Amino acid sequence: MRYVMVQIPNTPPPPAPPRSVPTSADVARLAGVSRATVSYVLNNTSAVRISEPTRRRVHAAARELGYVPHAAARSLRAGHSRMVLMPAPNFPVGPLYSRFIAEVQWALGRLDYTVVQYGTAGPHDDEAARAWAELRPVAVLVPGSGLGARGVAVLKRSGARAVVTLAPEPVEGAHALLMDHEAVGHCAARHLYARGRRRIGVVMPGDAGLELFSVPRLAGVRHALRGTDATVTELPLAHDEESAARLAARWRGLGLDAVFAYNDEYAMLLMRALQDEGVAIPGETAVIGADDLMLGRLLRPRLSTVHIELPSGRDLAELVDRAVRDPATAPERHKVLGASVVHRDSS
């Protein structure tokens, strides 16, 4: 008897069948409750009373199975999404604004909204509004200026129940938080004038997009000093050491005895350069910033600043929620951005 050796090629094992996506029925079975109860708990429905132990069982079962509610299905049931769109600002974001955005996101999350940052809020926001509208958000929070009445109309026709702008001027059809940056410059100028300073420089940052804040702050300085014997000198400055060093090198030729440096970051940059040039602070030149950053308290001399009171993230979230619940309500206008001087050693 002859034996024939047959070589069988190595073949990979068949792929494992894909894992099925967990459903609310799976969560209900594991938690020992109905699918309706799962829906009530995971969608934070307040109309139905669910005991706390039951809520904990449902949440534990959802975590164990890796289940998350289907946003599109929930939107169909509710008639609208729970997405709040926040276009990314087109200006450099500092620590103060970052904290504010984080607070807004947390507060909206507590109200069962999903916050999505998408795109950029720029000078052509009426065009950008069409891109934002494609996502069908229930609300849009637009930082900065640029969005017009046409863009608001596009967003509302796409289903947005609330459009809120954070800018110096209101927009027709939108709720508005009016950011009064003139008050920041006004506070700084009145403080310097009260300290006996008469030849006051105002830093105008070179970063694109910051003119939204720097121009009204300069206007606030001019308004505060109108009719006095003080002079105001604009000081263009890029946010880098080389630019600060060049400005400091010609400082004594400018004949200034004080500077409002736009914010604390620019103030720290310029103050270090002035000290490197041997300019005594506050003896020769008083310096004041804005934003009241903690790092300014650690400098020597400690940095005087304008403390800025941004709107509460909780209040903004509640404004969004009110507008979503009653989209026919008249647009609200709130003037925000309180400003007060914190006097320290540098002025």
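Predicted model: local features only at pLDDT ≥ 70, side-chain atom pairs only at ≥ 80, totals over all residues.
Me: How many helices and strands does the protein chain have?

Reply: The protein chain has 14 helices and 12 strands. Among its contacts between residues at least 6 apart in sequence, 71% join residues at least 24 apart. Contact means heavy atoms within 4.5 Å.

Me: Which residues of H8 are buried, and what covers them?

Reply: Buried means under 20% relative accessible area, exposed over 50%, partly exposed in between (1.4 Å probe, protein chains only). In H8, the buried residues are Val184, Gly185, Cys187, Ala188, Ala189, His191, Leu192 and Tyr193. Their cover includes H9 (211-225) and several strands, among them E6 (199-205) and E12 (338-342).

Me: What covers the buried residues of H9?

Reply: The cover includes H8, E6, E7 (231-237), E8 and E10. Among the buried residues of H9 are Leu212, Phe213, Pro216, Val221 and Leu225. Gly227 follows H9, with a positive phi near 85°.

Me: Why is H8 called oblique to H9?

Reply: Their axes come within 6 Å and cross at roughly 40°. Axes are lines fitted to C-alpha atoms, for helices over the stretch in contact, and angles run from 0 to 180 degrees between N-to-C directions. Angles under 35 degrees count as roughly parallel, over 145 as roughly antiparallel, 65 to 115 as roughly perpendicular and the rest as oblique. That makes H8 oblique to H9. Residues that meet include Val184, Ala189 and Tyr193 in H8 and Pro216, Gly220 and Ala224 in H9.

Me: Why are H1 and H3 called oblique to each other?

Reply: The axes of H1 (residues 24-31) and H3 (residues 52-65) come within 9 Å and cross at roughly 125°. H1 and H3 are therefore oblique. The contact is made by Asp26, Val27, Leu30 and Ala31 of H1 with residues of H3, including Arg57, Val58 and Leu65.

Me: Why does Glu284 count as partly exposed, and what does Glu284 touch?

Reply: Glu284 counts as partly exposed because its relative accessibility is 33%. Glu284 sits in the loop between H12 (264-276) and E9. Leaving out residues up to four places away in sequence, Glu284 touches Arg197, Arg252, Leu256, Asp257, Gly278 and Val279. Arg252 is 32 residues away in sequence, with 9.2 Å between the C-alpha atoms.

Me: Why is Arg344 called buried?

Reply: Arg344 is called buried because its relative accessible area is 16%. Arg344 lies in the segment after E12. Its contacts, not counting residues up to four places away in sequence, include Asp292, Arg297 and Thr305.

Me: What makes the backbone at Asp112 and Tyr262 worth a look?

Reply: Most residues other than glycine have a negative phi, and most peptide bonds are trans. Asp112 is not a glycine, yet its phi is positive, about 70°. Tyr262 is not a glycine either, and its phi is positive at about 75°. Asp112 is in the loop between H5 (95-110) and E2, Tyr262 in the loop between E8 and H12. Asp112 is buried at 17% relative accessible area; Tyr262 is buried at 5%.

Me: Where are the loops that hold Pro282 and Pro301, and which peptide bonds are cis there?

Reply: Pro282 is in the loop between H12 and E9. The bond joining Ile281 and Pro282 is cis, with omega about 10°. Pro301 is in the loop between H13 (294-298) and E10. The bond joining Arg300 and Pro301 is cis too, with omega about 0°.

Technical notes
Residues numbered from 1 in each chain as written. Heavy atoms only, no water. Helix = DSSP H or I, 4+ residues; strand = E, 2+ residues; numbered from the N terminus.
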